[in-house]
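Hi,

Here is the structure I promised to pass on.

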Amino acid sequence: MKYIPYLIALCFITLSCSSTQEVNYTQDTDKQLQFFLDDTFTDTKQDVTGVSLSVIAPFAEIDFSGAAGYDSIDKDALLKANQPFRIASVTKVFVAVAILRLYEQGEVSLEDAISKYISEEHIALLKKGGYDPDKITIRHCLGHTSGLYDYAEGGPEYIEATSKTPNKIWSRTEQIQFAIDNGSPYAAPGEENNYSDTGYILLGEIIERTTKLDLAAALRSLLKFDELGMTSTYLQSLEEPTQELPQEVHRYVGNLDATKWHNSVDLYGGGGLVSTTRDLSVFLQAVFNNRVFENKNTLDTMLLLDGRYDEGNVPKQRLGFDSYYSKKLDVETYLHSGFWGTLFIYIPTYNASIAINNTQDGDVDGDVLTNVIYYLQWLDKQPSGKM
């Protein structure tokens, strides 16, 4: 599902709000990072339910996972760092990386029309809705310039429908049909950037039909989950976890508990993965340190740093990731967020990956993220210790 308004947490990057904060940090990184979590619950201005955090930053020998608060708004069970949760649209990064893996294998071209890969039934549905699948490319879907109406959050209809029938098992075809029935094309392909879950469920179909595997098996193989030790990550309802996992963190729409909604409500490419903050941080490290892609140039293609755009004119929306850059701090970030309250972010300057999950979307208002990045800046300037 769609980006949450969590990106305001990056105000210190986009606006260069200030330099490193004047605070008394410690070089005991585990202690300091846990303090940031615990401190959210001593701030009387915030009514926080729970937050989990993982940070991996090899330059400072950081490999931290922690949590504070509760795993539901009932506040009857403490949140644990290893509790899994539905990551919603953060799944799109995984799908984008999988498409780029097929691209580097020569199985697809990013400039191919989606009509080359998707079913005749879906081609017919799209044409009925006023789209030309021969003109919508894989690149358009990856970068949200397909013009495809977002079935999930183009309007309130889908959330209303799913809240009324939470146990309904949705199919990809039904979700495409929902987009046709409830909206019209945003623009011609390539003309505008409009976030679209519909484009990503079509990318999921392309992965399936190209690999001849179901989406769960294809992602696990292409993205090397097992090799990377991502034992808490799986595509819920399409596969079982590879090990016994703790109870999931509850998921909410406002105060409505959506934990038991059937996962097909957000599956097939736009969402669907269950993971932990630890696994999310591991995945970011692997993607940006050439442990997923076989060709180092593939990452440049994904980030639009392959010469396609002149320097300074690269769009903020990359192929799967969003990006933010601070001229003052000379910090580039790549990130994605998820509907239920998840954010992960990679900072090349520090080779640092950060994953945060709120029990209830918007709980922490970015304080934890901001504090972590200020802390990384501080660590980077220290003349001794772990550095």
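The side chain of E248 makes a polar contact with the side chain of Q236, at 2.4 Å (that is, a pair of N or O atoms within 3.5 Å, one able to donate a hydrogen and the other to accept it; residues adjacent in sequence count only if both atoms are side-chain atoms). Before you read on: this is a predicted model, where local features need pLDDT of at least 70 and side-chain atom pairs count only at pLDDT 80 or more, while totals for chains, interfaces and linings use all residues. Residues are numbered from 1 along each chain as its sequence is written, and side-chain values use heavy atoms, with hydrogens and water left out.

Back to E248, which sits in the loop between β4 (234-235) and β5 (252-253); strands are DSSP E runs of at least two residues, helices H or I runs of at least four, numbered from the N terminus. Which side chain of opposite charge is nearest to E248? That is R86, 4.1 Å away, and E248 has no salt bridge (a side-chain nitrogen of Lys or Arg within 4 Å of a carboxyl oxygen of Asp or Glu).

Leaving aside neighbours within four places in sequence, E248 is in contact (heavy atoms within 4.5 Å) with residues including Y234 and V274. Those two meet again as bridge partners, with V274 in β7. Strand β7 (residues 273-275) runs antiparallel to β4, joined by 2 bridges. Together with β3 they form an open sheet of 3 strands, ordered β3-β7-β4.

Cheers

Definitions and conventions. Buried means under 20% relative accessible area, exposed over 50%, partly exposed in between (1.4 Å probe, protein chains only). Lys and Arg count as positive and Asp and Glu as negative; His and the chain ends are not counted. Two strands pair if DSSP finds at least two bridges between them.
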